Amino acid sequence: MAGGAASGGSALTDTYAESRNWLLMPAWVVLLILSLAPVAMMLIYSFLTKEFRGGVIWEFSLAAYDQFFFDRGLFGDEPPVIEWTYIQIFWRSIWQAGAATILSLVIGFPTAYFIATRPEKVRPMWVFLITIPYWVNLLIRTVSMKFLLRDQGPLNDFLIGTGLIDSPIHIVNTNFAVQLGLFYSYLPFMVLPIYAAVERYNFTLSEAAADLYATKWVTLRRILLPAVKPGVIAGCILVFVPSLGSFLAPDLLGGAKNFMIGSLIEEQFKGNAGNWPFGAAASMILLSMVLILLMLFSRQQAKTQASEG
Amino acid sequence: MATAKFDIKSYAGFKPITLLCLVILYAPLVVVTIYSFNASKSITVWEGLSLRWYADVFVGPESEKFKLAARNSFVIAIIAATVSTSIATLAATAMVRGGRFRLRTLSFGLISLPLMVPEIVTAVATLIFFNAIGFDRGLLTILLAHIAFCIPFAYLPISARMQGIEDSFEQAAMDLYATKRQAFTRILLPLMMPGIISGFLLAFIVSLDDFIITNFVKGAGVETLPTAIFGSVKQGLKPNIMAISTMLLSVSVVMVTISYFVSKSDNTK
């Protein structure tokens, strides 16, 4: 290993440099064909004309994007006004994903901090406990959540049994249920990056602040938090991004009223709507939003790394 | 030396929140597991312990459907995990032991692409792609889609493991006249094994559990366990679904636990 510089554990060497093209070839072929080409094809489909029941006609058209943003009346001959229906669905998705992200931050930050300050030997065990539920099937976890939250479900039974409430709280099929479902799905993603950041944090900085009569909470807010900010942002992105495109939580926990982008897209391909170019356009808009977020994030990370030297 | 007036590291309230976090993460899974042993026909009323719903999964009216779905799921998961792990192992070798090269960043971007694109977008894009090239949807389309999105899950533990192995082992072997191929297969590969096993198990679970992508690229009438479960749940939550969920949940927990101990076992070297 190249001296102390490799403390991060990244020992890049060139033992197999001359065969690297062959070694990378399978990954390139598979991912170009099955990952990149499909997205490119989706982009093309979003500019095609819809066929009556699913599928497309190979004729260039902006109809899908036009339908997304503008309303031209029932017969399409009125002057365009902004179509709010789909923008509202996107806005609701952003709001739902945002609420879930804040909820996971409130629970996830103290958890990550607590784990990172345990003795070194027991930390991996804690991390393991947090990650196990993530690896359980998302569908099963969402169904479990629905089962738990039902009006006659175990949570209401428990709350009535302890005398906290008199009649069941109605949670399923509300916005709040969707937020809970998203929060539950991606909570481990919030904990892990914050944990990694706090674990690397140099606590002598906090001690120095305390020696200068800063209170604990001031130390947390003004010394620790700025230092672990990249981890917090990473956690927020990792919860927000998959929540945004989620399909299962709104479908199973939200009911028909609490439609999100994922459900809108699904409708176009599997449901009755059957408008592939429109579904492709909605997917492109979702993908662009996500990629812009990730780009801002990686630029911010690069800036932090540069300032750390 | 300053004596700490209080423990600067610990905050009141963080421990209860951590415990609350664990309760939140596990409560739904534990509740469903408990209710899967319910003797009652209704999911609401508890009537004592019984294995009847487990029996129902295997011999009940829907058992044929579930068995076929389970077989599809396991066959796809085994093949997808094997293929994606092999591809990821080769790619990791090039990325970690291939020096610095021009396409390195681009390669890494391509490998992590399935992690960055929202799952529903991958699902739709794959459906469109198969449709555009006129590829009939069925088991094969599910398998191909699974291989692609399993690659990053297999890649990450493998490359992490390889970054922890110094290249002096392979160099020593080659000083003793081993060819590069021999140094790779006899020295590097065995040392990487814990990472490879970890990667395989994670890819296996990811494939076994996938619902969204499978739901879009499967052909009509072809089911995997998650799509079969989803179909049943849409008609109402029944006790047999809780039994089958508990079994699938156990498989995932066992796999992750094995993966954890395998990758942990050699950190003591």
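How many salt bridges does the rule find across the interface of chain A and chain B? The rule finds 2, a salt bridge being a side-chain nitrogen of Lys or Arg within 4 Å of a carboxyl oxygen of Asp or Glu.

The model is predicted: local features need pLDDT of at least 70, side-chain atom pairs count only at pLDDT 80 or more, and totals for chains, interfaces and linings use all residues. Residues are numbered from 1 along each chain as its sequence is written, chains are lettered from A and ligands numbered from 1 in the order in which they are written, and side-chain values use heavy atoms, with hydrogens and water left out.

**View 1. The interface of chain A and chain B.** Chain A brings 92 residues to the contact and chain B brings 99 (contact: heavy atoms within 4.5 Å). About 9100 Å² is buried between the two chains. Carbon and sulfur atoms give 78% of that area. Buried area is the accessible area (1.4 Å probe) that two parts lose on being put together, summed over both. Tyr16(A), Trp135(A) and Lys216(A) supply 9% of the area that chain A buries against chain B, more than any other three residues.

View 2. Lys234(B) and Asp251(A) join their side chains in a salt bridge, at 2.7 Å from N to O. On the side of chain A that touches chain B, helix H1 (residues 20–45) of chain A gives the most, with 19 residues. Helices (H or I, at least four residues) and strands (E, at least two) are DSSP runs, numbered from the N terminus. By class, this side of chain A has 66 nonpolar, 15 polar and 11 charged residues. Ala, Val, Leu, Ile, Met, Phe, Trp, Tyr, Cys and Pro count as nonpolar, Asp, Glu, Lys and Arg as charged, and the others, Gly among them, as polar.

**View 3. Ser50(B) in a loop of chain B.** Chain B has 11 helices and 0 strands. Ser50(B) sits in the loop between helix H1 (14–35) and helix H2 (52–59). A polar atom of the Ser50(B) side chain lies 2.8 Å from the backbone nitrogen of Arg52(B). Beyond neighbours within four places in sequence, Ser50(B) is in contact with Ser36(B), Phe37(B), Asn38(B) and Ala39(B).

**View 4. Thr117(A) between two helices.** Thr117(A) lies in the loop between helix H3 (84–116) and helix H4 (123–135) of chain A. Not counting residues up to four places away in sequence, Thr117(A) touches Phe203(A) and Lys9(B).

**View 5. Pro168(A) in a loop of chain A.** Pro168(A) is placed in the loop between helix H6 (154–161) and helix H7 (175–200). At 39% relative accessibility, Pro168(A) counts as partly exposed. Its C-alpha atom is separated by 5.4 Å from that of Asn156(A), 12 residues apart along the chain. Not counting residues up to four places away in sequence, Pro168(A) touches Asp151(A), Asn156(A) and Ile160(A).

Note on methods:
A polar contact is a pair of N or O atoms within 3.5 Å; within protein, one must be able to donate a hydrogen and the other to accept it, and residues adjacent in sequence count only if both atoms are side-chain atoms. Buried means under 20% relative accessible area, exposed over 50%, partly exposed in between (1.4 Å probe, protein chains only).
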